Amino acid sequence: MTLLAPRDSPAEALLSDADFARIAEYSRREFGLFQQENKRQLLHSRLLRLLADLDCPDIATFLDRLESGVGGPEREALIPALTTNVTSFFREAHHFRQFSDGVLHPRLGDLRRGGRLRIWSAGCSEGQEPCSIAMTVLDLLPEAPRLNIRILATDIDAKILARARIGRYPVAEAQSIPATLRAAFSRPAGADHFALDERVTGMIRFAALNLVESWPLRGPFDAIFCRNVAIYFDKPTQARLWSRFAELLAPGGMLFIGHSERVSGPAAGLLSSAGITAYQLTSAAERTGS
Ligand SMILES: C[S@@+](CC[C@H](N)C(=O)[O-])C[C@H]1O[C@@H](n2cnc3c(N)ncnc32)[C@H](O)[C@@H]1O
């Protein structure tokens, strides 16, 4: 039974057990996202805002539209209500150093001769992560835009991808970009924003992708960054995700995950720990001990 959410006093309305269960089930089934009971109030206030934006009379109607499959706009609008997009440039900076030293550095000669490098930022939010990867590449290889190097950046949230494609950020966010890179690759854009250089944004292709659905990707990837995304998935979904990443990694390729995430399930036998929340695909020979 759904409690109606009175428009003029939303704070008084409650998300009933039944509605919470319906949302949680939809969230798990469609997006792999696990809804915690202690976030029920937050979810509720986000839903109330959605109802107003979508001109939907109540939560029950919203859920009916979603579950009947006719709720395209409802589905799109629900995604940001279920997730968090918190991110920053050079978040967990040690990963970018390790990527530079362990993935890029050994390949410099090969890449200059036209070798192929593919990197995937999965769950890229507003683009700070793939832009940090691109700046790390450019720092070591200024000629990267003319080489066979591409960064794929994907997220489930179409709205956030639209912002990512613009490549414009509040000036406060520039502080986490190392000063030399900031000087080389950013310029003021309006009074309180900055824009990233075309050399950075030109290396990145943004695309919508739900990590729990099929992936129209060929790979292989030399590095996959999927950080602070799987933490919102339940355990079986996480385990499947790690295995699917392992399948798409190039030999010796690296997987970087979030600070509170761990590779689990069958992929733990394929990916060996290579530093703090960093993993490397082990070779078949290493696996069989031959
Ligand atoms: C907390 S942000 C992490 C951003 C960045 N990776 C970082 O570590 O700073 C999580 C991102 O994962 C995305 N996300 C959540 N569920 C997803 C799914 N099923 N498929 C793809 N992206 C998803 C969200 O839209 C959000 O932008």
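User: Which residues lie nearest the centre of the largest pocket?
Analyst: This is a predicted model. In it, 19 residues line the largest pocket, and Leu152, Arg205, Leu217, Arg218 and Phe221 lie nearest its centre.

User: Which elements give two or more residues to that lining?
Analyst: Three strands do: β1 (117-122), β2 (149-155) and β6 (204-208).

User: And how much space lies in the largest pocket?
Analyst: About 390 Å³.

User: How do the residues of its lining divide?
Analyst: The lining of the largest pocket has 11 nonpolar, three polar and five charged residues.

User: OK, cavities now. How many of 30 Å³ or more does a search of the whole structure find?
Analyst: The search finds one. The volume of the largest cavity is about 340 Å³.

User: What does its lining have by class?
Analyst: The largest cavity has a lining of 10 nonpolar, eight polar and five charged residues.

User: Switching to helices. At roughly what angle do the axes of α1 and α2 cross?
Analyst: Helix α1 covers residues 17-31 and helix α2 covers residues 40-54. Their axes cross at roughly 85° and come within 12 Å. Angles of 65 to 115 degrees count as roughly perpendicular, so α1 and α2 are roughly perpendicular to each other.

User: Which residues meet there, in α1 and in α2?
Analyst: From α1 come Asp17, Phe20 and Ile23. They meet Arg40, Leu43 and Leu47 in α2. By class, this contact of α1 with α2 has four nonpolar, no polar and two charged residues.

User: What about α1 and α4? At roughly what angle do their axes cross?
Analyst: Helix α4 is residues 72-82, and its axis crosses that of α1 at roughly 100°. These axes also come within 12 Å. The pair α1 and α4 is therefore roughly perpendicular too.

User: Which residues make the contact?
Analyst: In α1 they are Ile23, Tyr26, Ser27, Glu30 and Phe31. In α4 they are Arg75, Leu78, Ile79 and Leu82. The contact of α1 with α4 divides into six nonpolar, one polar and two charged residues.

User: Now the backbone. Is the peptide bond from glycine 219 to proline 220 cis or trans?
Analyst: That bond is cis, with omega near -10°. Most peptide bonds are trans.

User: Where is proline 220 found?
Analyst: Proline 220 is in the loop between β6 and β7 (221-226).

User: Is the phi of phenylalanine 90 positive or negative?
Analyst: Positive, near 50°, in a residue other than glycine. Most residues other than glycine have a negative phi. Phenylalanine 90 has its place in the loop between α4 and α5 (93-104).

User: Last topic, confidence. What pLDDT does the chain average?
Analyst: The average is 92, and 93% of the residues score at least 70.

User: Over which residues is the pLDDT below 50?
Analyst: Residues 1-12. In the model, this stretch has 20 contacts beyond near neighbours in sequence.

Key
Residues numbered from 1 in each chain as written. Predicted model: local features only at pLDDT ≥ 70, side-chain atom pairs only at ≥ 80, totals over all residues. Heavy atoms only, no water. Axes fitted to C-alpha atoms, helices over the stretch in contact; angles between N-to-C directions. Helix = DSSP H or I, 4+ residues; strand = E, 2+ residues; numbered from the N terminus. Parallel < 35°, antiparallel > 145°, perpendicular 65-115°, else oblique. Contact = heavy atoms within 4.5 Å. Nonpolar A, V, L, I, M, F, W, Y, C, P; charged D, E, K, R; others polar. 1 Å grid on protein atoms, 1.4 Å probe; cavity = no way out; pocket = protein on both sides within 12 Å on 5 of 7 lines; lining within 4 Å. Points joined across faces, edges and corners; volume = space filled by probe spheres on them. pLDDT = per-residue confidence, 0-100.
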